[in-house]
Amino acid sequence: MPRYARNLVVALLLLAVLYALDYFVFDPGRRMISPYVARIIMLAGINITLAVSLNLINGFTGQFSIGHAGFMAVGAYSSAYFSINQGARLAAGLGDGLLGWAAALLLATPLGALVAGAAGFLVGVPSLRLKGDYLAIVTLGFGQIIVVFLNNIEAIGGARGYSGIPIVKSFFWIALVAVLTIVVVHNLVHSAIGRALVSIREDELASEAMGVNTTRYKVMAFVISSALAGAGGVLLAHFDGYLNPKSFEFIKSFEILIMIILGGLGSIVGSVLGAVVLTVLPEALREFAQYRMVIYSVLLIVLMITRPNGLLGGLDPFKGWRARDRAKTRTEAEEITAEDTRDNDSVDKATLGERAGDTSLGEGDTRR
Amino acid sequence: MLTLENISVSYGAIRALKGVSMHVEQGEVVTLIGANGAGKTTTLRSITGLLAPTEGRILFEGAEISGKPTHQLVARGISMSPEGRGVFANLTVRENLQMGAYLKKNKAEINRDLERGFRMFPRLKERESQKAGTLSGGEQQMLAMARALMSRPRLLLLDEPSLGLAPLVVHTIFEAIDEIRGEGTTILLVEQNAHAALKHSDRAYVLETGRIVMEGASKELAADPRIKEAYLGE
């Protein structure tokens, strides 16, 4: 079967499975799972979208963005505005049923992503032209500014919050966006573009010397990352039908950052895991509410001591690429690699530190 | 092939280069030697577009390249092995070399060039699937040079290839420079190790506090009493 045909079949199967899950498991009428559990699973889905998209810029490209919630807010509010003013009419026009809302969301999601992506472009271009940690400072500022705007624009509810957004609590839609995000990021990092992105993370100057237009690739990765965060925001906006500027403050950006660090920078599976763990964990610890933050912090500390690269950190972003190459090399060489990945913790730590510190010239540890 | 015309570079109020003129002709190995802070790295950085000269022009094969972004140089036929080697620590040796051929599309050609790199540095072949960060300093330098050759440059810029390496490894590196030159690649070698650099080059420039103070055939410079005293420690 040709590749595209196989991909099509896989995609259709996946859609069928997601829809079946939505229909049989998540339908409140069937009482398969409690609304509470369903809610947690769906929130985890939204967080997966956010974490995987942030990993693209922070984990794979090595640029430190700490304003992810800002882009999420842009996507959430812009799509909410659209849904209230246009989407509702559109859905009503199509009979207000499932079909109508599917059509409305089908428009609202790309719209939110597009607006967030545009915001990413405006923030990214000036700050990514420079080498170094300017992006962290600028995104931090951006996140704050967005919240100030949201608090003061009356048309979108201001500090009271934005209510009246059509609620579409759809597992299918949330899972679809999460899967799409994973597919987009996965395909991107396994392409020639992905090699360029990883080389920027490893050593920006050397990457430039290989002929990689580093500014262009950094901006591209950042825009895609922001757009996907925007899509995550769209889901959140239509989840409870209510948005509050408070939920997009710095702490939210930080939360997403913790997810990818916990899961392992540069690992997609890690980000998914991090998102799930950090959605479920606070809920699981709800019984010990007063000790919750203590347990939560201790767990994080233990993890950082035992696995400084995150749960799945240091695993290979280029597995597929490498597997193809390996077919050509001897088994002997494979054994060396295997030993190597084990012994490599210290190196990973060094690069991680470098990323947090100075990515600018990458002269830090390779030089000595 | 490469011409620097009266290049001046300032860092704020400090003038790091004060009217440097030099040229590199096709097929030559030219070395630029000087003490720390003489302006060697600044010169190289202005050639590679990391710094914009405040005065003067840089020409490569007749076209002005001063102020052009670094990533455009590869397509023009200039490749560099950056100071401090700059290998991609978390990528394997093979992946590093493949990155060197980033702008190349022809798979067969890339594979041939990979094999050529491995022939030149058999050590790299042994370490093919090892992460570059686990290599020794000398091996990383070999990798940086092999990677720079993957784009089939007409001009290769080497920034302090012997920095911090054991004498035996330095020997290997300079042998490789001879070999690269034998294949017809022009080389501009920036070095602190004046002894080895003069031995393995055709012509040399001596840089002192931002000015070229001497230039000439490497053999003659190596015999010059002033050079002997200041740079060769004799």
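Strands β3 and β8 of chain B run parallel, joined by five bridges. Strands are DSSP runs of E with at least two residues, helices are runs of H or I with at least four, and both are numbered from the N terminus. Two strands pair if DSSP finds at least two bridges between them. In this pair, B:I33 has B:E191 of β8(B) as its bridge partner.

A word on the source. This is a predicted model, where local features need pLDDT of at least 70, side-chain atom pairs count only at pLDDT 80 or more, and totals for chains, interfaces and linings use all residues. Residues are numbered from 1 along each chain as its sequence is written, while chains are lettered from A and ligands numbered from 1 in the order in which they are written.

Back to β8(B). Is it enclosed or open? Six of its six residues are buried, so β8(B) is largely enclosed by the rest of the structure. Buried is a count: 20 or more other C-beta atoms within 10 Å of the residue's own, with 12 or fewer for exposed, partly exposed in between, and C-beta atoms placed from the backbone. In a regular strand the side chains alternate between the two faces of the sheet. On one side of β8(B) sit B:T186, B:L188 and B:V190. On the other are B:I187, B:L189 and B:E191. Both faces are covered.

Now the whole sheet. Its six strands are ordered β6-β7-β8-β3-β9-β10 in chain B. The sheet is open, and the pairing is mixed. β6 (78-81) and β10 (211-217) each have a single partner strand, so one side of each is left without a neighbour in the sheet. Neighbouring strands are turned by 15 degrees against each other on average, direction ignored.

Walk in from β6(B). It pairs with β7(B), residues 155-159, in the parallel sense over four bridges. B:I78 stands opposite B:L155, and B:S79 opposite B:L156. B:I78 and B:M80 point one way from β6(B), B:S79 and B:S81 the other way, and all are buried. Next, β7(B) pairs with β8(B), again parallel, over five bridges. There B:L155 stands opposite B:T186.

What lies across these strands? Helix α6 of chain B, residues 137-149, lies across β6 and β7, at about 170 degrees to β6(B). Helix α1 of chain B, residues 40-47, lies across β3, β7, β8 and β9, at about 145 degrees to β7(B). Axes here are lines fitted to C-alpha atoms, for helices over the stretch in contact, and angles run from 0 to 180 degrees between N-to-C directions. Contact means C-beta atoms, placed from the backbone, within 7 Å.

Chain B has another open sheet: four strands, β2-β1-β4-β5, antiparallel. Its edge strands are β2 (14-24) and β5 (63-64), each pairing on one side only. Inside, β1(B), residues 2-11, and β4(B), residues 55-60, pair over five bridges. B:T3 stands opposite B:L59 there. Helix α1(B) packs on this sheet too, touching β1, β2 and β4, with its direction at about 65 degrees to that of β2(B).

Over to chain A. It has 15 helices and two strands. Of its 368 residues, 45% count as buried. Among contacts between residues at least 6 apart in sequence, 79% join residues at least 24 apart.

Take one helix pair. α7(A), residues 192-202, and α9(A), residues 214-240, pack at about 105 degrees, with their axes 10 Å apart. They are therefore roughly perpendicular to each other. The classes are: under 35 degrees roughly parallel, over 145 roughly antiparallel, 65 to 115 roughly perpendicular, the rest oblique. From α7(A), the contact uses A:I193, A:A196, A:L197 and A:I200. From α9(A), it uses A:T214, A:Y217, A:K218 and A:A221.

Then α10(A), residues 250-263. Its 14 residues reach 20 Å from first C-alpha to last, close to the 20 Å expected at 1.5 Å a residue. The expected span is 1.5 Å times one less than the number of residues. Its buried residues include A:I256, A:L257 and A:I260. Just after the helix, A:G264 takes a positive phi of about 115 degrees.

Last, A:L50, in helix α2(A), residues 35-60. Why does A:L50 count as buried? Because it has 31 C-beta neighbours inside 10 Å. Leaving out residues up to four places away in sequence, A:L50 touches A:H68, A:M72, A:A229, A:G232 and A:I256.

Conventions: Two residues are in contact if their C-beta atoms, placed from the backbone, lie within 7 Å.
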